[in-house]
Amino acid sequence: MRVQSSATAPTGIAVTGPPRTFGTVQAALGVAAFSLTFPATAWGLEGFGPWSLVAVRSVLAALIAGGCLLALRVAPPSRSAWPGLAVVAAGVVVGFPLLTTLALRTSTTAHAAVVVGLLPLTTALLSALRVSTRPSRTFWTASLAGAAAVVAFTVQQSGGALTTADLYLFAALLVCAAGYTEGGRLARVMPGWQVIAWALVLCLPVSVPAAALALSYEPVHLTAHGVAGLLWVAAGSQFLGLVVWYRGMAAIGIPKASQLQLAQPLLTLVWSVLLLGEHLTVAAPLTAAAVLVCIAVTQRARG
């Protein structure tokens with residue numbers, strides 16, 4: 001039996017939405033998956049060049065997504081959904097991975113976490129413009145306070161120095177927020193996993209030749225860390241994490257889901273200590289407590 005196109009399905013989990021608590025859990029799982037992206041990328045760069053790593057991760061993720069679409073015999077989305085899928089593809093499949101990978105060649109994961117600290121606020125702003133959401137003043141106050149705490153902590157962790165990688169990071173911030181916003185909007189009318197799956201498949205005509213070209217120019221040194229990092233950013237960050245993330249956004253709204261990402265830089269720093277041996281100061285638990293308070297306020301604030 002052929003699965004009805006998600007964009008036209010009259011009923012279903014994406015349209016009616018799971019319970020809000022379950023949506024919050026899914027969004028939180030997405031944040032947990034994303035928190036490993038920078039450490040995994042640092043591992044991947046031990047074995048692959050930056051262009052190879054980004055292109056190959058996109059191809060692998062697209063093969064996983066395409067396999068799921070074929071196995072479930074999912075019909076293509078309606079024509080009206082493709083422009084939004086192109087924005088998702090440009091933002092979260094190509095733009096954010098490429099720009100952050102280029103930044104991580106010279107930046108520590110702690111410094112790169114600055115962009116993640118600002119991502120929730122940027123996503124909420126773009127959401128307000130794109131889908132006409134109007135969060136409350138309390139929501140914005142808590143969001144700004146949380147973002148300020150995260151930025152202050154991550155900048156202090158990196159010694160307060162700005163590097164040339166910051167241009168990549170701030171550009172990544174903008175394109176990713178656009179992709180999140182558009183993906184969250186689409187996830188209201190089609191299953192979240194199909195949003196990222198079709199976006200990944202849409203990139204295959206570009207990612208396959210790009211991977212072949214990059215691998216022919218950049219040397220590959222296969223190591224355990226390199227392979228593990230590549231597999232995680234492809235399967236975990238690029239596909240599975242985005243599946244639960246978009247489902248969560250569809251259930252609880254883009255602004256509230258985005259504020260859960262205030263915890264992502266702190267989780268990234270924990271992984272950086274455990275996996276990369278980076279030093280973590282005693283300011284971490286204090287910042288974590290402040291961020292958790294801000295998250296609690298944003299989740300309770302009425303839009």
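This report describes selected residues, helices and nonpolar cores of a predicted model.

## The nonpolar cores

The largest nonpolar core has 63 residues. Within this core, the residues with the most contacts are V92, Y180, I196, W245 and Y246. Apart from it lies another core, made up of seven residues, including F48, A55, V59 and A211.

V92 shows how parts of the chain meet. Leaving aside neighbours within four places in sequence, V92 is in contact with P97, C176, G179, Y180, I196, Q238, L242 and Y246.

## I196 in helix 9

I196 belongs to helix 9, which covers residues 192-217. Its relative accessible area is 0%, so I196 falls under the 20% limit for a buried residue.

## Helix 10 and its end

Helix 10 spans residues 224-252. A kink of about 40 degrees is centred on L242.

After helix 10 comes G253. The phi angle of G253 is positive, near 95 degrees.

## T109 in helix 6

T109 lies in helix 6, residues 109-130. With a relative accessible area of 2%, T109 is buried. The side chain of T109 makes a polar contact with the side chain of S272, at 2.6 Å.

Residues up to four places away in sequence aside, T109 touches F38, P39, A42, L104, S272, L276 and E278. S272 is therefore both on this list and the partner in the polar contact, while T109 itself is buried at 2% relative accessible area.

## Cysteines

How many disulfides does a search of the whole structure find? The search finds zero. A disulfide is a covalent bond between the sulfur atoms of two cysteines.

C176 is buried, with a relative accessible area of 1%. C203 has 9% relative accessibility and also counts as buried, because the limit is under 20%.

Terms used:
Residues are numbered from 1 along each chain as its sequence is written. This is a predicted model: local features need pLDDT of at least 70, side-chain atom pairs count only at pLDDT 80 or more; totals for chains, interfaces and linings use all residues. Side-chain values use heavy atoms; hydrogens and water are left out. Helices (H or I, at least four residues) and strands (E, at least two) are DSSP runs, numbered from the N terminus. Buried means under 20% relative accessible area, exposed over 50%, partly exposed in between (1.4 Å probe, protein chains only). A polar contact is a pair of N or O atoms within 3.5 Å; within protein, one must be able to donate a hydrogen and the other to accept it, and residues adjacent in sequence count only if both atoms are side-chain atoms. Contact means heavy atoms within 4.5 Å. The bend at a residue is the angle between axes fitted to the seven residues ending there and the seven starting there. A disulfide is a pair of cysteine sulfur atoms within 2.5 Å. A nonpolar core is a set of buried Ala, Val, Leu, Ile, Met, Phe, Trp, Tyr and Cys residues joined through side-chain atoms within 4.5 Å.
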